[in-house]
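I wrote down what I looked up and what I found, in the order in which I went through it.

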Amino acid sequence: MSKHIVILAGDGIGPEIMAEAVKVLDKVNQQFNLDLTYSHELLGGCAIDATGVPLPDQTLEAAQKADAILLGAVGGPKWDTIERSIRPERGLLKIRSALNLFANLRPAILYPQLASASSLKPEIVAGLDILIVRELTGGIYFGQPRGIRTLESGERQGYNTDVYSESEIRRIAHVAFQLAMQRNKKVLSVDKANVLEVTELWKEIATEVGKEYPEVQLSHMYVDNCAMQLVRAPKQFDVIFTGNLFGDILSDEAAMLTGSIGMLPSASLDENKKGMYEPCHGSAPDIAGKGIANPLATILSVAMMLRYTFNQEAAAKAIEDAVGKVLDQGLRTADIWTEGSQKVGTSQMGDAVVAAI
Ligand SMILES: NC(=O)C1=CN([C@@H]2O[C@H](COP(=O)(O)OP(=O)(O)OC[C@H]3O[C@@H](n4cnc5c(N)ncnc54)[C@H](O)[C@@H]3O)[C@@H](O)[C@H]2O)C=CC1
Ligand SMILES: CC(C)CC(=O)C(=O)O
Ligand SMILES: [Mg+2]
């Protein structure tokens, strides 16, 4: 029976990178007889322009019915000053929450060909393979109350609430430990338990769940130290398990270890492995429309979709191998370009991956 994918290209470089991901999807769909169908819907700034809201009902309904969702990126300066509750990023948070996509997997893997593109010394990053497991539907991005209020003094005050319940921590902890069992059996739980009660509970529940996985070595680290260790000695880590805000920040930092944020894919999964797949980066307004964005994070997100939602390991692997082959050929978008390699644009990179599958 055919499976359906809803495609949300979004804003900025979103449509540019998505065009390349769809080329790759077309190729594997045909080559591996996957019987995948897809349709396009609006999310983010483009949806605001067309309908007045960042997540139209039609998009949400289509996403709910779909087997998987592929997203580009949303947001941009055009929508940064509109009423906060209907900004593009709120549409993204809303779809994550509505679909219960609580488990965000962000693998930071260094392709050996890109060791010299990393901002760190090659020996620090060679062989890097980290998986960040970020809680995605709770924490300070969703906590109430939130807002900007005016105090009696007339001064304005911004406030947010960081909140996690035991059950929210427990279910994502199980995801982290189960994934660690398939990897190097190490989980690092990242918190700020020396200051924040919400992460004191995080640490406590991580420890409790860890007892159910005696083969997995659990350790704990404060987030400030983790940020430092990621650039000092990143290969000490296997699975990094953390909340929504810390995971957002640490994954951008980890992206640079792999050469560029344009290399980092992600999967956001619910309890049943239905997922939304997207690059970790944003809509990159500074390079949008120039045809220079790196489409590989989105293409690698397609591979994650085939692996996690559709159980099509061979097709997923074919995409990942094809990315390796184009890097072997010396093709590089501007963000990963180094002396001696061949600079290509977004669509040339996509075409090269398709040709290598
Ligand atoms: N998942 C999403 O849709 C996300 C959306 N955003 C939104 O995106 C907009 C821009 O946010 P920024 O903080 O600038 O983050 P960003 O990730 O869009 O860009 C940060 C830097 O990385 C570069 N970059 C990002 N993706 C790239 C790619 N594929 N190839 C080459 N270079 C790439 C950009 O040119 C920029 O210099 C904002 O409106 C933000 O809210 C930000 C993060 C995630
Ligand atoms: C709107 C933001 C929460 C998106 C983001 O930065 C991310 O998920 O990495
Ligand atoms: Mg982010």
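This is a predicted model: local features need pLDDT of at least 70, side-chain atom pairs count only at pLDDT 80 or more; totals for chains, interfaces and linings use all residues.

**Entry 1**

I picked out isoleucine 319 and listed its contacts, leaving aside neighbours within four places in sequence: they are Val24, Val28, Ile299, Val302, Ala303 and Ile357.

**Entry 1**

I then turned to where they meet, and found 12 residues of domain 1 in contact with 15 residues of domain 2. On the side of domain 1 that touches domain 2, helix 4 (88-98) and strand 4 (103-109) each supply at least two residues. Sorted by class, that side has 7 nonpolar, 4 polar and 1 charged residues.

**Entry 2: the ligands**

I looked at ligand 1, which is surrounded by 22 residues, and noted Gly75, Gly262, His281, Gly282 and Asn294 as the closest. The shell around ligand 1 divides into 11 nonpolar, 7 polar and 4 charged residues. For ligand 2, I wrote down Glu89, Leu92, Tyr141, Asp248 and Cys280 as the residues around it, and by class this shell has 3 nonpolar, no polar and 2 charged residues.

**Entry 3: annotated positions, beginning with the arginines**

I checked the UniProt record, an unreviewed entry, which lists Arg96, Arg106, Arg134 and Asp224 under "binding site". These positions are spread over 129 residues of sequence and are also spread in space, with up to 26.7 Å between C-alpha atoms.

Is arginine 96 buried or exposed? I found that arginine 96 counts as buried, because it has 22 C-beta neighbours inside 10 Å, and the limit for buried is 20 or more. Arginine 96 is in helix 4, and, apart from neighbours within four places in sequence, it is in contact with Leu101, Leu136, Thr137 and Ser268.

I placed arginine 106 in strand 4, and it is buried as well, since 24 other C-beta atoms lie within 10 Å. Not counting residues up to four places away in sequence, arginine 106 touches Ile132, Arg134, Ser251, Leu264, Ser266 and Cys280.

**Entry 4: the aspartates**

The unreviewed UniProt entry also lists Asp224, Asp248 and Asp252 for "binding site". Although they are spread over 29 residues of sequence, I noted that they cluster in space, with a largest C-alpha distance of 14.4 Å.

I found aspartate 224 in helix 8, residues 223-232, where it counts as partly exposed because it has 13 C-beta neighbours inside 10 Å. Aspartate 248 is in helix 9, residues 244-257, and it also counts as partly exposed, with 19 C-beta neighbours inside 10 Å.

Terms used:
Residues are numbered from 1 along each chain as its sequence is written. Chains are lettered from A and ligands numbered from 1 in the order in which they are written. Two residues are in contact if their C-beta atoms, placed from the backbone, lie within 7 Å. A residue is near a molecule or strand if its C-beta atom, placed from the backbone, lies within 6 Å of it. Ala, Val, Leu, Ile, Met, Phe, Trp, Tyr, Cys and Pro count as nonpolar, Asp, Glu, Lys and Arg as charged, and the others, Gly among them, as polar. Helices (H or I, at least four residues) and strands (E, at least two) are DSSP runs, numbered from the N terminus. UniProt positions are given in the numbering used here, feature names are shortened, and annotations may be inferred rather than shown by experiment. A residue is buried if 20 or more other C-beta atoms lie within 10 Å of its own, exposed if 12 or fewer, and partly exposed in between; C-beta atoms are placed from the backbone.
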